[in-house]
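Here is a short briefing to read alongside the coordinates. Have your viewer ready, and let's walk through it together.

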Amino acid sequence: MGSFGGGDQGKPSHHLSDWGSPHEGPAVTPKIGGQLSSRSAAAFPICDRGGERFVGGQSQFDLAVVGAGPGGYVAAIRAAQLGLRVAVIESERPGGVCLNWGCIPTKSLLTGAELVESLRERGAAFGINTGGITLDYGRAIDHSRRVADRLCQGVQSLLKKNRIEMVRGRARLSGRTSLEVSGPDARSVEAAHILLATGSREWVPPDVAVDGKRVLTSREALESRTVPDRLLIIGAGAVGIEFAYVYATYGARVTVLEMADQVLPGADAEVSKALEKEFRRKGIEVLLGCRFEKIDNGRDAVRVEYSRADRSEEIAVDQVLFAVGRRPATDALGLEAAGVALDERGFVSVDGRHCTSVSTIAAVGDLAGAPLLAHKASEEGVAAVEYMAGLDRPPLDPLRIPACIYAQPQVAWIGLTEAQARAQHGDAVRIGKFPFSAVGKAVAADHTAGFVKLVVSAEFGEILGAHIVGAGATELIAEVSLAMQLEATTAEVAHTVHAHPTLSEAIWEAALSAEGRSLNR
Ligand SMILES: Cc1cc2nc3c(=O)[nH]c(=O)nc-3n(C[C@H](O)[C@H](O)[C@H](O)COP(=O)(O)OP(=O)(O)OC[C@H]3O[C@@H](n4cnc5c(N)ncnc54)[C@H](O)[C@@H]3O)c2cc1C
């Protein structure tokens with residue numbers, strides 16, 4: 001429930017005027033390490049599936065990318081580096097949900113919330129009198145929109161710099177190698193290969209009417225300049241948890257309702273418990289094992305009925321934010337006519353090389369299924385294009401994709417949870433754990449909540465998973481990602497000198513703990 005991971009509310013396009021003028025670039029020679037020496041499309045295979053090979057040939061483009069989110073725009077740049085003639089078709093703003101209505105604006109708002117909480121909770125200890133602080137959430141929203149605009153322009157410039165032709169409008173497949181674009185740059189696009197990266201949309205249960213005022217999804221919340229007095233967030237996944245923290249810090253009385261028996265379903269149980277405890281301490285009410293049943297948007301309040309075990313209960317609030325998941329943006333894409341198969345949940349089915357059931361069409365990012373994360377979308381985009389270009393590269397390992405939640409305390413994880421590791425490896429699992437309360441830098445910064453937990457193979461000492469809750473978790477996880485990529489053991493992490501005083505010492509100490517030789521505990 002509530003993962004970063006859509007429902008098409010039929011929203012209008014936004015800020016089409018932000019696009020630069022369509023740009024037809026001349027042929028470029030690839031800059032990367034000589035993998036391809038010529039941009040001649042006919043010289044290399046693009047997609048190779050089931051023995052079928054395709055080349056750019058006489059098509060207008062070697063590759064047409066639909067969607068300029070982190071999956072599509074990154075794939076387009078990589079394809080241009082490889083010498084392909086590339087077009088990107090986008091119906092709204094470059095950057096997709098991530099830059100415009102997801103990762104980036106939420107992180108801007110979370111930074112504001114973190115600042116407020118730091119001053120309130122820690123200010124006095126550092127001699128800062130915070131009695132006179134006033135909060136203007138509208139200005140925080142304005143700032144988040146400016147940040148999104150700036151990064152959106154950055155993506156536009158990158159596409160231009162890489163001589164990628166930008167086509168403004170909504171694309172629909174009209175064949176295996178062709179698209180019809182409607183909108184400002186209405187035209188037909190022919191390409192040897194098509195990469196679909198149309199992402200996902202907010203999903204709400206049937207019969208829920210989102211009005212943008214009292215019933216919202218993350219999309220409306222990111223433009224809403226006011227903080228309600230009582231807010232109910234339905235879904236305690238990443239999106240729900242981040243908004244709960246922001247709104248609670250800016251003064252709302254927040255209740256989070258979750259169907260599963262833990263916040264952040266899918267996270268290591270111990271980490272979820274620690275986050276839940278901290279949220280309760282902050283005054284956020286957490287209702288677990290509670291299923292949303294129905295909503296009544298009445299005159300004086302919004303009433304939500306939910307069931308817990310066999311009992312039906314009701315809560316009345318000023319605003320309800322649905323963060324119950326996302327659905328793939330497949331509407332009016334012409335998938336069925338083109339023969340592109342979907343999985344049982346409606347996401348586009350792809351093989352290990354990101355090819356769909358139609359060998360000239362690949363799909364990446366949210367459209368191709370979980371995890372619905374920007375970095376997964378980008379890496380899939382790069383991989384899909386590299387496979388098309390015939391490069392030899394390792395496939396993307398789902399267990400090496402980190403997940404981060406940016407509320408305070410932050411949460412980050414990668415790989416197997418302890419429960420998953422025990423289910424797979426039985427007793428051959430070791431746990432290394434270290435609390436931030438024993439890390440000098442965390443104590444100095446007065447950020448002592450949380451811990452680092454490493455799930456380790458008892459046989460080889462290889463790290464199977466890492467779970468961090470606490471300040472800095474979303475940055476710290478990168479060290480473990482690299483360690484896992486290099487198949488490092490906890491003995492090797494323990495031999496790595498970590499600077500003092502840093503929060504990264506918690507990872508070092510967790511590795512020592514897994515080796516049975518903690519130093520500072
Ligand atoms: C509130 C929120 C916070 C999030 N925070 C994070 C986070 O912190 N970290 C993280 O990793 N992920 C986060 N995510 C998830 C992340 O935003 C997505 O995983 C990511 O944007 C997916 O990238 P994508 O390229 O697949 O699709 P999108 O970013 O959705 O981009 C798809 C693009 O395709 C365009 N498009 C769609 N259909 C057509 C068409 N027919 N023709 C032309 N263009 C079309 C759309 O306009 C859009 O620009 C968050 C999501 C939300 C909602």
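Strand 20 and strand 21 form a hairpin, with five residues between them; helices (H or I, at least four residues) and strands (E, at least two) are DSSP runs, numbered from the N terminus. This is a predicted model, in which local features need pLDDT of at least 70 and side-chain atom pairs count only at pLDDT 80 or more, while totals for chains, interfaces and linings use all residues. Residues are numbered from 1 along each chain as its sequence is written.

**The hairpin and its sheet**
- Strand 20 and strand 21 pair in the antiparallel sense over three bridges; two strands count as paired if DSSP finds at least two bridges between them.
- Cys 404 has Ala 412, in strand 21, as its bridge partner.
- The open sheet has five strands in the order 20-21-24-23-22, with antiparallel pairing.
- Its edge strands, each pairing on one side only, are strand 20 (403-405) and strand 22 (429-435).
- From one strand to the next, the twist averages 10 degrees.

**Around strand 24**
- Strand 21 pairs with strand 24 in the antiparallel sense over five bridges.
- Strand 23 (residues 451-457) pairs with strand 24 (residues 463-469) in the antiparallel sense over six bridges.
- Which residue of strand 24 is the bridge partner of Trp 413? That is His 467, and His 467 is also the bridge partner of Lys 453.

**Helices packed on the sheet**
- Helix 7 (residues 269-281) packs on the sheet and touches strand 21 (411-415), strand 23 and strand 24; contact means that C-beta atoms, placed from the backbone, lie within 7 Å.
- The direction of helix 7 makes about 5 degrees with that of strand 24; axes are lines fitted to C-alpha atoms, for helices over the stretch in contact, and angles run from 0 to 180 degrees between N-to-C directions.
- Helix 12 (residues 473-485) also packs on the sheet, touching strand 20, strand 21 and strand 24, and its direction makes about 10 degrees with that of strand 21.

**Buried and exposed**
- Five of the five residues of strand 21 are buried, so strand 21 is largely enclosed by the rest of the structure; a residue is buried if 20 or more other C-beta atoms, placed from the backbone, lie within 10 Å of its own, exposed if 12 or fewer, and partly exposed in between.
- Helix 6 is likewise largely enclosed, because 12 of its 12 residues are buried.
- Asp 142 lies in helix 4 (residues 137-161) and counts as exposed because it has 12 C-beta neighbours inside 10 Å.

Technical notes
Contact = placed C-beta atoms within 7 Å.
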